[in-house]
Amino acid sequence: MTTVRQRRVGKGTEAAEDQPSEEKNVKPEGKILSDHIGRKLWNILSITVGGIAAISLGLLTSVYVATLHENDLWFSNIKEVEREISFRTECGLYYSYYKQMIQAASIQQGLHGLVYDNKTESVRTINILERMNVYQEVFLSILYRILPIQQYLEPVYFYIYTLFGLQAVYVIALYVTSWLLSGTWLSGLLAACWYITNRIDTTRVEFTIPLRENWALPFFAVQIAAITYLLRAHLQPFQEKLTLVAVFMATFLFSLTWQFNQFMMLIQALALFILDCFDMLPTAKVTWLYIIQISGLLLVCVLQFFNSMILGSLLISFNTSVLIARTIQKNLKRGSLLSRLGKLILHVLLVLCLTLTINKFIKKILNLESDEHIFKFLKGKFGFGATRDFDANLYLCEEAFGLLPLNTFSRLSNTLLFYVYIFVLFLMTVAAIIVAFQNLSGSNGVSFMENMEECTITLKPDAAYNLIHTVLFGCLALSTMRMKYLWTSHMCVFASFGLCSTEVWRPILRCIHLYTSQRMRVIKYSAPIITLLYISYKFWPGIMDELSELREFYDPDTVELMNWIKSNTPNTAVFAGSMQLLAGVKLCTGRTLTNHPHYEDKNLRERTKQIYQIYAKRSPDDVYRILRSFGTDYVILEDSICYERRHSRGCRLRDLLDIANGHIMDGLGENEPDLKPSLYPRFCEEIKKNLPSYTTHFTRVFQNKTFHVYKLAKHK
């Protein structure tokens, strides 16, 4: 724990208040023993009550989101095809592998079908376990097969209840982290309540159940709790080793269950790097955390059949660079302020150069291009030149990848969370700056506090880590709305910790000359209790109304389409269409796809762009040739894409295709000067006119209000 204390001038009246005289402290030996036993019993009682409250809130959260899911869809009453359609977009793709494993003749055959899969991408055999993070589906399907529960529980319920159960783990981890930081379980209680009352902004598990983040974030929360405990002072060697094992297991499970793990852990590694540079964390523990991140990711790489995207990740390059730079610059934390600042700048530059060099070298050797769309997206997002790249624009035009909407803050403010968070963040940031300055200068005080009467500022390593963690993930959330769930859940932890923390209240009370230990204790416990009462009073009726609101799944057009495909097409038929729809086709019908929503592969991205020419201004001959090159038997056209109005001009899918093809966009508005009119009308519109040039290649075999299915002729 690093402390900055300003010396007092004058009489020590306050010291006398806090430290009773030696004479007053003399107590009989029996009284001391009795007090010790009383404190011990009180601690046991407090831990027991806090633990029961944590488990209870975790279970209540699971029941809450499960009830919302049931009430929203009437899941228990709808048909199996409707249940499967409710797993929209990539959710349906991931669940299809669980279903595939369940329906396989044996576990070995199911695994073989995943390793040598030729139904997810037509005319191509891929290893699903290498390409996608679906080990959780594999594990769950094996568990379902070996447990004697088949006659009591349907496979889909076993799956969704597992995900809802992980929400209990998530809430308990948030609760424990806040408790560890503040020292009181009241803080954990408040963190859990904030998580529940801000559900719209803290989780989306009830309507996107199989999403990878819903598997991964509970393990990430466990990892943060373990790191928080690891960074405490005076841990016994056994406790430290056990905690390191917990950090490793949580890191490994987090990495195994989400394809974006490397980017999240890179931000975490940056937080550790910043704190280590300012000497705010124990160097040995930081080194262990770097090693755990690398080893956890490499183990996942092995399980994913040496996935090259993992080997070429910036995280491995960065952590390796930091460890190398440390060995080169051994005297980094010695010297005067200016000397240390100079060394620090050189250290940062060295790490940056090494990271880029190592990463470029690895990508060159592996010929890795799987993640290039992410860097193109980042380049376009932060204004480093306009891009016509189809993949980058596909992300840039999605609301989920845009800036965090301002109404998010108004919702978070309704529960007082945002106000408390900003208050705590400001105070902790000031404390961190002061402590960092003191660490770099090696001084015992700070001159600009001379006029204050004994203001003591402390910042423990665990609090320092959580401060930088929330700042960096806050920046990520502000820039990319989809990532807000990483920030808002931790916001609950950080705000509740600050409201119950002596590190926040003690310096405030000292600086306004109102500090007494009794007064601080009153504020420390009354603030969270008052906040909890306010939240209960304001939001309990709303939660009850929400739980009593009943809806029902209704998508007759998609249900009709899936039933038609199952009844009227051969099992070996190959379907082309939008990524989102085809994921549902695979899940509901088991037919072969040309493309799908798991976008982390260069060949698939190029294939998807080619398939999407069905919505571009291309000739029927060109479209037919493209589709047949991927073995397509049927193509599904969607009016919602062909005549899209959800996005503005320039962001509609047809506009992105026009720009990528060098064609002028439809409708009123400006076009870039080098774009030219297309020689052909839009394919998805013109095909409905049944002109001879189209009917030669395409025959309509199904249509309803939403979908049009065409069978491709098989010319010799």
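Me: How many residues sit between S6 and S7 in their hairpin?
Reply: Three residues lie between S6 and S7 in that hairpin. Before we go on, this is a predicted model: local features need pLDDT of at least 70, side-chain atom pairs count only at pLDDT 80 or more, and totals for chains, interfaces and linings use all residues. Residues are numbered from 1 along each chain as its sequence is written, and side-chain values use heavy atoms, with hydrogens and water left out.

Me: What counts as a strand or a helix here?
Reply: Both are DSSP runs, numbered from the N terminus: helices are H or I with at least four residues, strands are E with at least two. Two strands pair if DSSP finds at least two bridges between them.

Me: How many bridges join S6 to S7, and which way do they run?
Reply: Five, and the two strands run antiparallel. S6 covers residues 698–703. Gln703 has His708 as its bridge partner in S7.

Me: And S5 with S7, how many bridges there?
Reply: Five bridges again join S5 to S7, antiparallel. Tyr634 is partnered with Lys711 in S7.

Me: Is S7 mostly covered or mostly open?
Reply: Mostly covered, with five of its six residues buried. Buried means under 20% relative accessible area, exposed over 50%, and partly exposed in between (1.4 Å probe, protein chains only).

Me: Switching to charges. How many salt bridges are there?
Reply: The count is 31. A salt bridge here is a side-chain nitrogen of Lys or Arg within 4 Å of a carboxyl oxygen of Asp or Glu.

Me: What does Lys714 pair with?
Reply: Asp633, with the closest N and O atoms 3.5 Å apart.

Me: Where do Asp201 and Lys484 sit in the chain?
Reply: Their side chains form a salt bridge, 2.8 Å from N to O. Asp201 is in H10 (residues 199–202) and Lys484 in H23 (residues 484–499), 283 residues apart. Both residues are buried.

Me: Which residues make up the salt-bridge network?
Reply: Lys617, Arg654, Asp658, Asp666 and Arg682 are linked in it.

Me: Last one. What is the N to O distance for Asp622 and Arg618?
Reply: 3.7 Å, in a salt bridge. Asp622 is partly exposed at 22%, while Arg618 is buried at 19%.
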